[in-house]
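Thanks for coming. Please look at the screen.

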Amino acid sequence: MSITQPHTDSYYAATVGDRTDFAPLKGEQHADVCVIGAGFTGISTALHLAERGYRVHVVEANKVGWGASGRNGGQMIGGIAGENNIAKHHGKNVDELFSELRWAGHDIIRQRVQHYGIQCDLKPGYLDVAIKPRHLREFEADHERLQKAGFPYETQLLSREETRDLIGTDAYIGSHLNMGNGHLHPLKLCVGEARAAVSLGATIYEQSPVIRIEHGDKARVVTEQGAVTADFVLIAGNAYHQLEKKLRGVMFPVRSFIIATEPLSAETVSRINPRDVAVCDPNFVLKYFRLSAEKRLLFGGRINYFGEDPVFIRRKLRQKMTSIYPEFADLRIDYAWGGTIGVPVTRVPLLGRVAPNVFYCQGYSGHGVNVTHLAGRIMADAVAGTMEQFDLFASVKPFIVPGAHLLTKPMVALGVLYYQIKDRL
Ligand SMILES: Cc1cc2nc3c(=O)[nH]c(=O)nc-3n(C[C@H](O)[C@H](O)[C@H](O)COP(=O)(O)OP(=O)(O)OC[C@H]3O[C@@H](n4cnc5c(N)ncnc54)[C@H](O)[C@@H]3O)c2cc1C
């Protein structure tokens, strides 16, 4: 019997307010589209399709937002990982191709938050912080590109002193402020979108791990107690599924962890983050942090560790947090959790098909809040027969590491080590 799991013990699960309790899949069901996985990719696609009048069934192994979507840093970051690789395969000017796509996910999120009244603590403001001079050069180029493109939000390059004034630490040599990015409570967003999809006729099943897909003119998605037969299937299990042979070994499963401190005093907040921006460094083995709605510091980072032990996570992340804010050495930590990110070897999000009517969409390299929402629209377009943006991504074939799915822990270690070395260059 497959084992299903409750939400991880995160700050988000504790504060989501609306706890979903959709019934498991039972018996033989029929749909236009069956989506496997109720994270941002699956739910975003389901909502796009429900808005267009498709009959959608979503089959989730655990709970809505149980995976990375309900555990992440909540940083709404623009851009798409691996753009240069896509450009290489496509032979066109990457800026031209991506000028709209880089921010499309943000627009979808903002529009849905407003349209469906989703309360997910969405706030504008994001600070890329520099550790090395090459980061400053990258920010300058990014800033110039945004100016040229007529980016409609405030962006500003900040000196070391201005950065210190904004986030109360001397750890960085400069930064790039972008008020077009932002941050949010990801589990509230995912559940809010799921409720919106259901209000438009979508069906969601929780605690229903998919065991296999039976291929044919119509595909049959099978769980222990039931099945959905559909014209199209989308596999949206990201780093948490091992469903199709063709998709094994196409991503490094990278672990990322977060702690949530006790709420900070008003004086501390005005010293370390008066504009309430999300902060992130550009390393692959990165540190990222922001304030929650009740002013807890949510501090995240990557550790070469595959377990879930909160004591270990607290200790490791407290070390990282005090490297930025030494004065927080004795702050109480109320929550500690981790999740798995899918990082394709090419870094390009993996959109493709394993059969003419079975699509997959995964691997956003830690930029998933934005890109899953764009991907949801692209997948809905693909089902509706509009393939232009789908083909853009699908033109980059996944690079497969043979046997990687059998070696999860060594692959995590190897992947993190590879990127750690790149960070040092
Ligand atoms: C700790 C952490 C911090 C992050 N921080 C950020 C951030 O600040 N900003 C950002 O942009 N991105 C961030 N990310 C990445 C982002 O969260 C992901 O890219 C995004 O959520 C992926 O969404 P998804 O729906 O594709 O996958 P997931 O959210 O992982 O959802 C996959 C779902 O599929 C289900 N599933 C798997 N197998 C099956 C099966 N056989 N049958 C049925 N269901 C199945 C799982 O139970 C799961 O619910 C972070 C990730 C982590 C883990």
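Which side chain has an N or O atom 2.5 Å from an oxygen atom of the ligand? That is Ser69. I call such a pair a polar contact, meaning N or O atoms within 3.5 Å; within protein, one must be able to donate a hydrogen and the other to accept it, and residues adjacent in sequence count only if both atoms are side-chain atoms.

Before going on, the sources. This is a predicted model, where local features need pLDDT of at least 70 and side-chain atom pairs count only at pLDDT 80 or more, while totals for chains, interfaces and linings use all residues. Residues are numbered from 1 along each chain as its sequence is written, and side-chain values use heavy atoms, with hydrogens and water left out.

Around the ligand are 39 residues, each with a heavy atom within 4 Å of it. Thr41, Glu60, Ser69, Gln75 and Val210 come nearest.

Next, Ser208, in the loop between strands S7 (203-205) and S8 (210-214). Strands are DSSP E runs of at least two residues, helices H or I runs of at least four, numbered from the N terminus. Is Ser208 buried or exposed? Its relative accessibility is 3%, so Ser208 counts as buried; the cut-offs are under 20% for buried and over 50% for exposed, with partly exposed in between, using a 1.4 Å probe and protein chains only. A polar atom of the Ser208 side chain lies 2.9 Å from the backbone nitrogen of Leu25.

Last, helix H10, residues 310-324. Its 15 residues should span 21 Å at 1.5 Å a residue, and the end C-alpha atoms are 21 Å apart, which agrees; the expected span is 1.5 Å times one less than the number of residues. Ile313, Leu317, Lys320, Met321 and Ile324 are buried in H10. They cover an arc of only 100 degrees around the axis, so they sit on the same side of H10; the arc is taken from the directions from the helix axis to the C-beta atoms. At the N-terminal end, Asp309 caps H10, with a side-chain oxygen 3.0 Å from the backbone nitrogen of Val311.
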